[in-house]
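Hello,

Here is the structure I promised to send over. Have a look at it first, and my notes follow just below.

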Amino acid sequence: MDSVASEKSIIALDGWLQTPAGLYVRAWEQQCLDSLTADIFGFNAVQIGLPQFDALAANRMPNKWLLDSRLPPQPAQDSRVKLVAAFDELPFESQSLDLVVLPHVLEFAAEPHQVLREVERVLIPEGRLIVCGFNPASLWGARQGLGRITGRHYLPKAGELISMPRMKDWLKLLNMGVSRSHFGCYAPACRTEKWLRRNAFMDKAGARWWPYLGAVYIVQAIKRVKGMRLIGPAWTKKPATASAGAPVTNKRREQQDG
């Protein structure tokens, strides 16, 4: 996918996220992201792409940025610090970020491998990466595959869906170990809110009976550095010293001598 097609697909995704299906996805992913990021500590965190999400809303790091290739007008209450830059050339120093979130960036990027390499560069050792993606091994993925034949796509057609095993392979090549993964949105590929509500029962059933077939997934990975060993504070151990004894006068002996 070239950069022009990538930009068009991102714009198409922006519009799709306003549809009933898009709002359904956003609600589940926001809840999951809030749960994952709440307990990740550090100083610097970045969300790359999709300003419709507030992926860092529950995170408590002092420095948080939203980086996008373009910045559409946002509501006045959106006080997030915004940056404009290319996703494959991040404007951060190497090993300077504690957390990076990629909500549906890789599947619509012109060079997803380069985006991941840049993320790996800017993350500190043991830094966290969270990736959101559409699952091709799902009802939605099947509907999207059928759309390539019929011409009626359910998701933005320029996107290339990345399976969970493939995503794990990409992360492994960059020494990023997957620590947690979640699947969600098990309802069929419906376009109306009415039918999505009618199939809401499938979210509980799918999470129990076919957990890996959710329409979307979220992966959390940790940057591993070979040969690195975390150490604690260099506590100084001093040997315990016994207090000096004080002479005691034997008054009874003194009285006898007197």
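The sulfur of C185 lies 10.0 Å from the closest cysteine sulfur, that of C32, so the gap is too far for a bond. A disulfide here means a pair of cysteine sulfur atoms within 2.5 Å, and the structure holds zero of them. C132 is in no disulfide either, as the nearest cysteine sulfur, again that of C32, is 7.7 Å away.

Before I go on, please note that this is a predicted model: local features need pLDDT of at least 70 and side-chain atom pairs count only at pLDDT 80 or more, while totals for chains, interfaces and linings use all residues. Residues are numbered from 1 along each chain as its sequence is written, and side-chain values use heavy atoms, with hydrogens and water left out.

Back to the cysteines. C132 is buried, with a relative accessible area of 2%, and C185 is buried with a value of 2%. (Buried is under 20% relative accessible area, exposed is over 50%, and partly exposed is in between, with a 1.4 Å probe and protein chains only.) C185 sits in the loop between β6 (176-184) and α6 (193-198); helices (H or I, at least four residues) and strands (E, at least two) are DSSP runs, numbered from the N terminus.

The backbone of C185 is worth a look too: its phi is near 65°, a positive value in a residue other than glycine. Most residues other than glycine have a negative phi. E126 also has a positive phi, near 70°. E126 belongs to strand β5 and is partly exposed, at 27% relative accessibility.

Next comes P136, in the loop between β5 (123-134) and α4 (139-150). P136 is partly exposed, with 30% relative accessibility. Leaving aside residues up to four places away in sequence, P136 touches G141, A142, L161, I162 and S163, where contact means heavy atoms within 4.5 Å. P136 and G214 are 78 residues apart in sequence, yet their C-alpha atoms are 9.3 Å apart in space.

Finally, the surface. Which residues make the nonpolar patch of about 510 Å²? They are W209, W210, Y212 and L213. Such a patch joins nonpolar side chains (Val, Leu, Ile, Met, Phe, Trp, Tyr) within 5 Å, from residues with over 30% relative accessible area and no salt bridge (a side-chain nitrogen of Lys or Arg within 4 Å of a carboxyl oxygen of Asp or Glu). Y212 is exposed, at 60%, and lies in the loop between α7 (201-209) and β7 (216-223).

Best wishes

Key:
Patches are made of residues with over 30% relative accessible area and no salt bridge: like charges are joined within 9 Å, nonpolar side chains (Val, Leu, Ile, Met, Phe, Trp, Tyr) within 5 Å. Accessible areas come from the Shrake-Rupley method with a 1.4 Å probe; for residues, only the protein chains shown count as cover.
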